[in-house]
Amino acid sequence: MALLTPFSKVPELNTATVLLVENEEELQSKLANALVQYKKDFNVNVRLARKLPLPVENKETRPRIDLIVFVVNLLSERSLQSVESSLAHLHSDCFLGKVCFLVTDARCGSHTQERLVSVRKLAASHQCPVLCAEHRTVDGVNAAAVRLLNILKVSAGMSPIATTALYLSSLTRCSVTSDLEED
C-alpha cells in the first residue's frame with residue numbers, strides 16, 4: 001500500500017488530471033462529464049475512485065494527478081468516514097495545493113451542519129479548501145465544474161505564479177457561513 005505522491009510523474013503538455021474520490025458516486029459521474037465537456041484551453045483527464053488507496057496494478061500507466069477532489073455528501077456519515085480513511089493514503093506534499101474538499105447538501109439540517117463543521121476542521125487541519133456544490137441541478141454541477149477547473153489550472157501549474165495564491169484564495173471561498181469561529 002503505497003502513498004499517493006504529487007510529483008512522482010512528469011506532467012503532460014497542456015494536460016491536467018483530476019482525481020474525483022467519492023464513496024457513493026452520486027455526483028462523481030455528472031461532475032466528470034461536466035469537467036470534460038466544458039470549453040477550456042487545456043486538456044482534462046478525469047479519474048474516478050471510491051476511496052484511496054488506488055490499485056497498484058496500474059500504477060505505472062497512471063498519469064500524474066494534479067488535483068484530488070474529495071466529494072463529501074453531508075447526508076451520509078459513511079461519506080465523511082470514507083474521506084477520513086482515504087486521507088491516510090496521501091503523501092503530506094499532496095496537501096500543498098493538490099487537494100480540496102467538495103461538499104454537497106450543506107443546507108439540509110442539523111446533522112449536515114455538524115458534518116460540515118467536521119469537514120471544515122479536517123480541511124483546515126490539512127490547509128485545504130472546502131467548496132460547496134449543488135448536485136441536484138445541471139447548473140449546480142456546471143458551476144462546481146467551473147470552480148474545479150479554475151483550481152485545477154492553478155494546481156497543474158498553468159497559471160502565472162504571481163497571481164496563484166491570491167487567485168486560488170478567491171476561488172475557494174464557500175458561500176455557507178462558517179461555524180468554525182463559534183468553536
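Colleague: Where does N14 lie?

Modeller: This is a predicted model, and in it N14 sits in the segment before β1 (15-21).

Colleague: Why does N14 count as partly exposed?

Modeller: Its relative accessibility is 45%. Buried would need under 20% and exposed over 50%, so N14 lands in between and counts as partly exposed. N14 also has a positive phi of about 55°, although it is not a glycine.

Colleague: And what makes E25 partly exposed?

Modeller: The reasoning uses the cut-offs of 20% and 50% again: the relative accessible area of E25 is 36%, so E25 is called partly exposed. You'll find E25 in the loop between β1 and α1 (28-37). E25 isn't a glycine, yet its phi is positive, near 60°.

Colleague: What is the peptide bond between L52 and P53?

Modeller: That one is cis, with omega at about 10°. P53 belongs to the loop between β2 (43-49) and β3 (67-73).

Colleague: How do you know that the reach of α4 is close to the one expected?

Modeller: Helix α4 (residues 138-155) has 18 residues.

Colleague: Which residues of α4 are buried?

Modeller: Among them are G140, V141, A144, A145, L148 and L149; each falls under the 20% cut-off. After α4 comes G157, with a positive phi near 80°.

Terms used: Residues are numbered from 1 along each chain as its sequence is written. This is a predicted model: local features need pLDDT of at least 70, side-chain atom pairs count only at pLDDT 80 or more; totals for chains, interfaces and linings use all residues. Side-chain values use heavy atoms; hydrogens and water are left out. Helices (H or I, at least four residues) and strands (E, at least two) are DSSP runs, numbered from the N terminus. Buried means under 20% relative accessible area, exposed over 50%, partly exposed in between (1.4 Å probe, protein chains only). The expected span of a helix is 1.5 Å times one less than its number of residues.
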